[in-house]
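Student: I am new to this structure and would like to go through a few of its features. Could we take them one by one?

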Amino acid sequence: MSVLLSVEAVSKGFRGLLAVDRVSFAVPQGAIFAIIGPNGAGKTTLFNIIAGATAANGGTITFAGAPIGGLPPDAVCRRGIARTFQIVRPFPALSVEDNVTVGALLNRREVGAARAHAQDLLRRLDLFDKRHRLASTLTLPDRKRLEVARALATGPQLLLLDEVMAGLRPTETDRMVAILRTLNRETGLTILLIEHVMRAVMALASRVLVLDHGVAIAEGAPESVVRDPAVVQSYLGAEAV
Amino acid sequence: MIARLRAGPASRRAIPLAILLAAFVFAPFFVNDYLLTVLILILYFAYAGQAWNIMMGFAGQLSLGHALYVGLGSYVAATLFTHFGIGPWLGLLVAIPIAAACGAVIGYLAFRFGVAGVYFAILTIAFAEFARIGFDHLDYVNASSGLFLPVKQYAHNDLWLLRGDPTMFYYVILAATVFAFVLCRQLLHSRIGYFWLAIREDEPAARAAGINTFRYKMYAVMVSAAVTSFAGVFYAFFYNNLFPEQVFSISRSIEIILGPIIGGIGTLFGPILGAFVLTGLAETLNAVMGAFGLDLPGAKQVFYGVCLLLVVLALPDGVWPPLARRLGLSEGKQ
């Protein structure tokens with residue numbers, strides 16, 4: 001499998017505190033790749049660096065064969081990387097459908113075509129019946145799915161999901177897992193996710209990277225990573241074994 | 001008939017809109033000169049408010065200096081007319097790029113260097129003030145003593161040179177208001193409109209969705225400035241006199257934005273309704289005070305303030321959105 005996203009020795013310091021310390025990993029084309037780790041491990045910072053929202057202090061990021069380090073977030077999105085936000089940011093005063101139409105217009109001139117594409121995605125994400133509601137009236141699980149729909153609408157090759165399972169009930173988590181798996185299987189979409197919900201990570205990810213204090217402490221298949229003593233020590237806790 | 005009524009708000013809106021338009025078209029046959037002047041004023045503010053709304057209501061960029069674009073439109077057209085005998089419509093073709101370019105300069109400075117929110121608003125005030133002080137000392141346009149357009153008795157209305165009676169001016173500003181309404185509606189339902197709303201709602205999220213927010217904010221400022229400049233051309237030829245202290249004054253900028261705020265920021269009918277409410281009621285107040293022989297300078301301003309206060313307290317989204325819901329005419333997108 002060819003590598004879609006390659007992160008090499010990326011670092012980011014905030015006034016002396018190294019939030020991300022020379023982290024390297026590679027996401028193969030078509031994979032579902034998870035980044036886990038305790039709070040403050042640098043996961044979201046790493047995400048923001050990839051998405052162009054934060055500038056790294058060092059290292060290189062290569063996407064689909066081209067360097068993307070230093071590009072602004074909109075340019076990163078146009079290259080084919082779409083993201084969701086840990087704290088959801090839908091366009092509150094717009095309808096659910098209009099939220100997703102905005103994303104779909106990135107690669108479409110016609111509003112009608114964008115709207116049709118948005119409706120397809122809303123069906124996939126179980127939001128079609130709520131498409132005329134204002135985004136501000138949605139519940140948290142619905143907003144999370146709306147963010148995924150809007151990100152998908154931009155037609156990405158790589159989808160960055162920042163804790164989309166957080167705050168979801170187990171049945172909702174299972175539904176989200178099913179949706180993401182279907183997308184991955186049917187469209188070949190590569191997914192990079194930050195996740196605390198191990199139930200989702202174990203069900204989804206083909207590969208897991210563990211961050212702790214900005215350092216990558218383990219990487220591998222999910223089954224082996226959760227048995228790694230260093231991971232258990234720093235993140236999962238003894239009771240997880 | 002029932003099928004048409006059921007066809008949704010779009011076609012249900014068409015009928016009242018047609019009635020409203022017809023009322024405007026035939027109004028000059030039924031009103032006296034004073035009321036006609038009031039109607040011209042209402043339409044003027046509806047037009048300018050609509051233009052301002054492109055920037056604030058659609059793209060979320062607060063301008064408190066729109067008098068700048070009105071003033072530029074006025075001075076460019078009036079100068080070309082008085083110095084070179086060039087008519088207002090050709091003058092408009094010069095005024096539009098100049099206003100858009102000024103908008104672009106302000107937008108570039110603000111958006112490139114991250115001047116946003118209230119600081120952006122202050123920047124727009126600053127540029128309007130630069131223009132006011134600058135024009136006050138610009139002898140080519142008679143500086144502070146004012147620029148006057150020659151007023152002659154014309155045998156008939158000259159639409160090409162915008163010389164004529166108030167009825168002609170009424171139809172000109174009515175056509176402009178209809179044009180601005182249609183333009184805004186088209187913009188709002190096109191790609192650029194969606195991107196503007198996304199920027200207004202959440203700029204980082206809009207960027208994450210791939211929108212080049214710098215570029216689209218620039219478009220918003222330039223389109224808004226260009227549309228506003230016609231209000232200035234109209235103003236110059238309607239009033240025939242221009243003073244920098246008046247046209248560029250911050251109170252002019254405030255007057256422009258009150259209509260959309262009262263009517264409903266970001267809506268298509270808000271600027272029109274707001275202009276009606278404010279100008280209509282203020283003129284009524286003037287008339288009532290006149291009838292009682294009261295002479296209270298500033299009463300109009302106090303009235304504006306009270307109106308604004310009431311709307312902000314009772315109807316934070318403006319008058320139009322709740323009214324539209326009640327009438328079943330919601331615009332859908334807002």
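Predicted model: local features only at pLDDT ≥ 70, side-chain atom pairs only at ≥ 80, totals over all residues.

Student: At what angle do helices α3 and α4 of chain A pack?

Tutor: Helix α3(A) spans residues 96-104 and helix α4(A) spans residues 111-124. Their axes lie 8 Å apart, and α3(A) passes α4(A) in a right-handed crossing. The packing angle is about 115°.

Student: How do the residues of the contact of α3(A) with α4(A) divide into nonpolar, polar and charged?

Tutor: On the α3(A) side the contact includes Val96(A), Val100(A) and Ala104(A). These meet residues of α4(A), among them Ala114(A), Leu121(A) and Leu122(A). Residues such as Glu97(A), Asp98(A) and Arg115(A) also take part. The division is eight nonpolar, three polar and three charged.

Student: Which helix gives the most to the nonpolar patch on chain B?

Tutor: The patch has an area of about 690 Å², and its residues include Leu21(B), Val25(B), Phe26(B) and Val178(B). Phe30(B), also in the patch, is found in the loop between α2 and α3 of chain B. Two helices, α2 (9-26) and α7 (166-188), each supply at least two residues. The one that gives the most, with three residues, is α2(B).

Student: Which residue does the side chain of Arg145(A) meet in a salt bridge?

Tutor: Side chains of opposite charge can pair when their charged atoms come close. Here the N to O distance is 2.7 Å. Both partners lie in helix α5 (residues 140-153) of chain A, three residues apart, about one turn of the helix. The partner is Asp142(A).

Student: How many salt bridges are found over all chains?

Tutor: The pair of Arg145(A) and Asp142(A) is a salt bridge within chain A. A search of the whole structure, over all chains, gives a total of 21.

Note on methods:
Residues numbered from 1 in each chain as written. Chains lettered and ligands numbered in written order. Heavy atoms only, no water. Axes fitted to C-alpha atoms, helices over the stretch in contact; angles between N-to-C directions. Helix = DSSP H or I, 4+ residues; strand = E, 2+ residues; numbered from the N terminus. Left-handed = near helix turned anticlockwise from the far one by under 90°. Contact = heavy atoms within 4.5 Å. Nonpolar A, V, L, I, M, F, W, Y, C, P; charged D, E, K, R; others polar. Patch = residues over 30% accessible without salt bridge, like charges linked within 9 Å, V, L, I, M, F, W, Y side chains within 5 Å. Areas by Shrake-Rupley, 256 points an atom, 1.4 Å probe, with all protein chains shown as cover. Salt bridge = Lys/Arg side-chain N within 4 Å of Asp/Glu carboxyl O.
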